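Me: Hi! Could you walk me through this structure with me asking whatever comes to mind?

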Amino acid sequence: MKRSAYRLERVGSLKNLQLISENLVNPNDDEVTIEIKAIGLNFADVFCIQGLYSAAPKENLIPGLEFSGVVIDKGKDVSEFNLGDKVIGITRFGAFTTHINLNKKYLIKLPVDWSFDEGAGFVVQALTAYYAIKELGNLKQRQTVLIHSVAGGVGIYLNRIAKKYNCVTIGTVGSKNKITHIKDEQIDHLLVRDDKFLSGLKEILGDRKLDLILESLTGKYFKPTFEMLAPQGRAVVYGASNFATHTSSPNYFQLAYRYFTRPKVDILKLIEQNRSVMGFNLIYLYDKADYLKVLLDEIIELNLAKPLIGATYKFDEMHTAIKYFQAGKSFGKVVVKV
C-alpha cells in the first residue's frame, strides 16, 4: 500500500525533512498495520532532525516516537488486536507518517474516552515521567520534589505521579505566561526561572532539603539546586533542553559553548555528600520490550488524567509544528493530526 512520510535523506537541518510517497510492505506475523491519526512531538524528534541524537540514524530517517491510530491489518500471530481497534503506539523512530507497521508489543489500546490527539500525547511523556520518578528516582511518600519545565508534557506527568505519592512538588517554568495553563495541576509551588529563582526556592524549602530533582535543562541551575539535595537525594536527568535551538540547523558555536560549560559532578563529593545523579533516554527502554510492557501496564494502573494538549497542527504543517515546538513557547503537548 502507499503511504506518505516525512523522511530525511541526511540529518542536520529541518529543511532536509521532506514529505514523500512510498510503498509500505505487508505486516510481519507479529506486526500490526496502523493508519495513523495523530503524532506527538518530542524534543528527541528535534535532536534527531538536527543530527544531535546519538541513537538515531544519520541517513534515511523518518523521525517520530509516538502516535495513535486505527488497526487496518495484522500478522497471523497477532490475537491481542482486531481490525478497527484504536491504539496508541511507541516506536524507535518512524512515526512521522500516515501508516506504519509495528510489533504488537509496542501497542496499547486507546482508552475509550480519549481522543486520538490525547492518545498521541500520552505514552512518551508518561513513560519518561514514570521511569524517571519511580524507577530511577525511587520516589517515596511525602518527599519534596523539584520538577523543571513543569508546564511541558513530561513535567505535567511528573507532577501528577508525584502527587499520587502525596509529595510536595515545586515546579519551574521559563516564563510567567505558562502558569495560567497549569493552574489546575495541583502543583504546590511554582517558580519562574529568573534572577529570583534560587532565592525563591530557598524560601520555599526553609529548613527542608530536596529529595528528588527531575532535571531536563542541564544548564546553570543544575549545580545550585543539586547542592540543596538531602542526603540520599537524587537528581534524575531525562532531557537536555538547554541544547535545543530555535533554528532549522544547529548553532554549533552556541552548542560548543554550552557543551564545554555544562554542569559537571565530582564523583568523590557524591560519596561525601551521599547524593546521586542518574540519566537515561527512552530508546534504552525500547530495546527491552518485555520490561517496557510492564512499565506501560503499571502506568495504566495509575489511572492518570488525560494529557494536556497545548497545540495541534495538520500533517502538511509538520515544519510549522516543529518550529513552534522549538520556540519553547508551548505548554502541554504539541500534536500533529493526520
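This is a predicted model: local features need pLDDT of at least 70, side-chain atom pairs count only at pLDDT 80 or more; totals for chains, interfaces and linings use all residues.

Me: Let's start inside. How many residues does the largest nonpolar core have, and which have the most contacts inside it?

Reply: That core has 91 residues, and L214 and M318 are the ones with the most contacts inside it.

Me: Which helix gives the largest share of this core?

Reply: Helix α3, residues 123-136, gives the largest share, with 10 residues. Apart from this core lies another one of 16 residues, including I170, L201, I213 and A235.

Me: Back to L214. What is L214 in contact with, leaving aside neighbours within four places in sequence?

Reply: The list is A132, I133, V145, L146, I147, H148, L158, V236 and Y238.

Me: And which residue stands opposite L214 in β12?

Reply: That's I147. The pairing behind this is between strand β9 (residues 144-147) and β12, which run in the parallel sense over 3 bridges.

Me: What about β12 and β13, parallel or antiparallel?

Reply: Parallel again: β12 pairs with strand β13, residues 229-237, over 5 bridges.

Me: Changing topic: T33. Where does T33 have its place, and is T33 buried or exposed?

Reply: T33 is in strand β3, residues 31-40. T33 has a relative accessible area of 2%, and because the cut-off for buried is under 20%, T33 counts as buried.

Me: What does T33 touch, not counting residues up to four places away in sequence?

Reply: T33 touches M1, L24, P27, V70, V71, I72, D73, I100 and N101.

Me: Now E9, please. Which strand is E9 found in, and is E9 buried or exposed?

Reply: E9 is found in strand β1, residues 2-10. E9 has a relative accessibility of 70% and counts as exposed, since the cut-off for exposed is over 50%.

Me: What is E9 in contact with, leaving aside neighbours within four places in sequence?

Reply: K58, E59 and N60. E9 and E59 are 50 residues apart along the chain, and their C-alpha atoms are separated by 5.2 Å.

Me: Which residues line the largest cavity?

Reply: The lining is made by L65, I90, T91, L282, I283 and Y286. Those residues divide into 5 nonpolar, 1 polar and no charged.

Me: One last topic: what volume does the second largest pocket have, and which residues line it?

Reply: The second largest pocket has a volume of about 200 Å³. Its lining consists of F222, K223, F226, E227, P263, K264, V265, D266, K269, L270 and Q273.

Me: Which elements give two or more residues to the lining of the second largest pocket?

Reply: Those are α6 (222-226) and α8 (267-273).

Me: And how do the residues of that lining divide by type?

Reply: The lining of the second largest pocket has 5 nonpolar, 1 polar and 5 charged residues.

How values were computed:
Residues are numbered from 1 along each chain as its sequence is written. Side-chain values use heavy atoms; hydrogens and water are left out. On a 1 Å grid over the protein atoms alone, a cavity is a set of points where a 1.4 Å probe fits but cannot get out, and a pocket is an open set with protein on both sides within 12 Å along at least five of seven lines; lining residues have an atom within 4 Å of a point. Ala, Val, Leu, Ile, Met, Phe, Trp, Tyr, Cys and Pro count as nonpolar, Asp, Glu, Lys and Arg as charged, and the others, Gly among them, as polar. A nonpolar core is a set of buried Ala, Val, Leu, Ile, Met, Phe, Trp, Tyr and Cys residues joined through side-chain atoms within 4.5 Å. Buried means under 20% relative accessible area, exposed over 50%, partly exposed in between (1.4 Å probe, protein chains only). Helices (H or I, at least four residues) and strands (E, at least two) are DSSP runs, numbered from the N terminus. Contact means heavy atoms within 4.5 Å. Two strands pair if DSSP finds at least two bridges between them. Grid points are joined across faces, edges and corners, and a volume is the space filled by probe spheres set on the points.
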